[in-house]
Amino acid sequence: MSAYDKHVAKLRRLAEGDDIAAIVTELAWLARHFNGGWYYEGPRIAGALDALPDDRRARLATALVERLEAGEPPDADGEADAEALTTLVALLLRRFGAAVAVADLRRLLDHATGRWIWWLADEYAQLCQVVYETDGTLPGEVVAVLRRTEVTGYGPTGLVRQLLQRVREPVLNPGEAWSDLLLAELPALGAGWPELVAHARSATSARPSDRWDRQARGLLDRVGADLYRKTALTWLAQVGRPRTVPILARAHDQDFSQAYDPYNSTALRGLIWLLALAAEGADAEVARELGRLVETSLRKVPGIGPRNPKVANAAVHALARLDGEPALAQLARLSTRVTFKGTLKELHKALDARAAALGLSRAEVEELAVPTYDLTGVGRRVETFGDVTAELVVEGGSVALHWRNAAGRPVRTVPAAVRREHPERLRELKAAAKDIEKMLAAQAERLDRQFLARRRWRYVAWRAQYLDHPLVGTLGRRLIWLVNGVPCGYADDALRTVDGAPVTAADDAEVTIWHPIGRDVTEVLGWREWLERHAVVQPFKQAHREVYLLTAAEERTEVYSNRFAAHVLRQHQFHALAAVRGWRNRLRLMVDDEYPPATRELPEWGLRAEYWVEGAGDDYDADATDTGTYLRVVTDQVRFYPLGAAENSAHAGGGGYAQWIPGGSEPTGPLPLEQIPPLVFSEVMRDVDLFVGVASVGNDPTWQDGGPEGRYQEYWQSYSFGELSATAETRRDLLTRLLPRLAVADRCRMEGRFLVVRGDLRTYKIHLGSGNILMSPNDEYLCIVPQQSGSAGNGELFLPFEGDRMLGVVLSKALLLARDTEITDPTIVSQLRRR
């Protein structure tokens, strides 16, 4: 007889006596060890208590609820499982029937309000029904659990559905900041508003129908479109904020506290559609809020993924329906930032439709979509608030607000008179500053993609859109361009060659973006010196951009590159980077399934690049998340195929990639690498180098032991201190030029793969690829975990480009270790003084 069977038998014996406390103890043990699988064994457990007379059933019910309210004590692993006991209590109380006091049922429901759903749906519904028939109402949080349970459709929910047909209040589930605000304000808003919210709840399709729109317009006319716009904006501004009713969960559950309530999200979609109908003209505030909703709704939650793509898509649809520059700007910005495939498809569709309506190409529409934000010069806007002046200035990739008081003196904070007398204008100025910062990042990414876009401009259009545009000009003036084949940059208020000669051109001269591949080495080095001479910080690497040429090994393998094979990458970080760089990738689960490689399509070139990866490890506990997703992947070949070729696939855990062609047709082979245009090959390999350089476990200073069971120790050692990649080589070249400018220059020198730093306690070798450190004597490993920003301590040191986090890490560590006697962090000090 199993331990479980023994406990059930013991329950039967106890049911014949009067020891209620002992019964509660046995039930708690069963709840803790049975993991809540009550569909199969629950009736058997409940049946063991059938011998209890009604008076003892009532006493047991009260004792169980009291046990729940007191809180389940943690088990040997330090983890309590009140949910399993709650579920068992519900099952027992349903079986006990009228013997249970309604007061105990109310207490149980109060205890259960923090659940996302109720697994034993009908048992829960029956308890709710008893309370509802007694009280004539149910607490809003209880109704919310019922509704979420019914929406998920998990298990039998017939009683839940029947009960919800009778329970109509509240109109939305409480527990979210935005729904709580709506529920609080709705009674005072007057006639027409309840019908409007009810209409929003009917938004069950992916797009509004003509009939839905007609009804919506009629309801908006009744309540006033402008009033709805103002009211809805206050509600929607709360979307994404922390829940007001926390969701209780066991340790390994999905984090539903960050998810959107699935019942409310349908109404939320309807409210967003209504907002698009209520807005008029070029409404910057509405467009800004819709853009925020897209990003907030796509924020990923562990175990769930994007919080709510349905709401994100609704906001994209609403933006597509708005006229004017602000909405178009948001669509263009989001198209460079969003990586979720479904929403990105909707964004592309909206932009394509706008391009067709204007008779322009997608690229032209994206250029026209960048607003000026009322900047009166390139990167500058001045506002007056009475006697006070505010200057908004774009400084690199950030935006600063500088204030001068009535006397004309600079002040660090917003003057009190501005806050008091111009709150609306101040709010709009601050919102514009945030918008500009977001748009700058989006435009930098769009410009970085122009290398492979094969884009060409006529000089007059290019000058207006890239050099003199109030916002984009802050980026375009920091890049190198080819005007009729002549390389030039912007300095001293004019386009100039590397030698400083002014460049003029006819309106129809051709302009392209400059790339170092194929350029003379002297020219590339000249532009690097030019950037330093003019203190130009490029928004991304251009003059310092890595160039990847075919190696002898790749010439031998002919159709694939192994340059970045056999690396171990953190899968989620790799996945995020791939999406940002325009690659398609699927997270691999530790399941029996096939997956395509990471893929980047290059339609301008008729090509597709593939980077082959597979799941790493087979130990579910050590190598996968709680949801079964591989923590790490192992890398393999890079290949190129014609754009329309069938895609390869491989098992999640490895076993080789292959094309499966229906009908027995011959698969399409990879293209010889020598046939791939050098620019395409270089940019694709640069992406892959980025994936490895950022996501490799070799970058993790805490992995000296090699990770799970030490199985990656050899890889970690070889990567952490091995040969430099092309990116790290660029880093070394730049650091060689920067070292003389460091405050600790007399303590630093370059030595092969390392930046060597002389401290007072030790001498340190910082690897230029991984940022990991060896110290004297005997190359002892020093573990320093960098700050998240990776740039602490760099001070005012000039760097000619943005975006290389590892460069910041290396410099920060160098500045720290050069003054090692001043280090106070105990984890570092203990390593330095260990002999």
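# Strands, hairpins and helices in a predicted model

Glu594 stands opposite His651 in β17. The structure described here is a predicted model.

Strands of a sheet pair through backbone hydrogen bonds, either parallel or antiparallel.

Two of the residue pairs can be named: Leu392 has Leu401 in β5 as its bridge partner, and Glu395 has Ser398 in β5. β5 is also joined to strand β6 (residues 410-411) by two bridges, and the two strands run antiparallel. Here Arg404 stands opposite Pro410 in β6.

**Hairpins**

How many residues lie between β4 and β5 in their hairpin? There are two, and Gly396 is in the turn. The table lists this hairpin with two others.

| Hairpin | Residues between the strands | Glycine in the turn | Phi of the glycine |
|---|---|---|---|
| β4 and β5 | two residues | Gly396 | about 65 degrees |
| β5 and β6 | five residues | Gly408 | about 85 degrees |
| β17 and β18 | six residues | Gly654 | about 110 degrees |

**A sheet of five strands**

Another open sheet has five strands in the order β7-β11-β8-β9-β10, with antiparallel pairing. β7 (457-458) and β10 (494-496) are at its edges; each has a single partner strand, so one side of each is left without a neighbour in the sheet. Helix α24 (residues 521-533) packs on the sheet, where it touches β9 (486-491) and β10. Its direction makes about 5 degrees with that of β9. Inside the sheet, strand β8 (residues 481-483) and strand β11 (residues 510-513) form an antiparallel pair over three bridges. Val483 has Val511 in β11 as its bridge partner.

**Helices**

Two packed helices are described by the angle between their axes and the distance between the axes. For helix α16 (residues 309-321) and helix α18 (residues 341-358), the axes come within 9 Å and cross at roughly 5 degrees. Angles under 35 degrees count as roughly parallel, and α16 and α18 are therefore roughly parallel to each other. On the α16 side, the contact is made by Pro309, Ala312, Asn313, Val316, Leu319 and Ala320. On the α18 side, the residues are Gly342, Thr343, Glu346, Leu347, Ala350 and Arg354.

Which residues of helix α22 (residues 459-467) are buried? They are Tyr459, Trp462, Gln465, Tyr466 and Leu467. Seen down the axis of α22, these buried residues fall within an arc of 155 degrees, so they line one face of the helix. An α-helix has 3.6 residues a turn, so residues three or four places apart point the same way.

**Loops with particular backbone angles**

A cis peptide bond joins Glu169 and Pro170, with omega of about 0 degrees. Pro170 is in the loop between α9 (158-166) and α10 (177-189). Ser776 and Pro777 are also joined by a cis peptide bond, and here omega is about -10 degrees.

Pro777 lies in the loop between β22 (773-775) and β23 (780-782). Asp779 lies in the loop between β22 and β23 as well. Asp779 is not a glycine, yet its phi is positive, near 50 degrees. With a relative accessible area of 40%, Asp779 is partly exposed.

Ala535 is another residue that is not a glycine and has a positive phi, about 55 degrees. Ala535 is found in the loop between α24 and α25 (552-557). Is Ala535 buried or exposed? Ala535 is exposed, with a relative accessible area of 52%.

**Cysteines**

The count of disulfides is zero. Cys128 is buried, with a relative accessible area of 0%, whereas Cys783 is partly exposed at 22%.

Key:
Residues numbered from 1 in each chain as written. Predicted model: local features only at pLDDT ≥ 70, side-chain atom pairs only at ≥ 80, totals over all residues. Heavy atoms only, no water. Disulfide = S-S within 2.5 Å. Buried < 20%, exposed > 50% of the residue type's maximum accessible area, 1.4 Å probe, protein only. Pairing = 2+ DSSP bridges. Helix = DSSP H or I, 4+ residues; strand = E, 2+ residues; numbered from the N terminus. Arc of directions from axis to C-beta. Axes fitted to C-alpha atoms, helices over the stretch in contact; angles between N-to-C directions. Parallel < 35°, antiparallel > 145°, perpendicular 65-115°, else oblique. Contact = heavy atoms within 4.5 Å.
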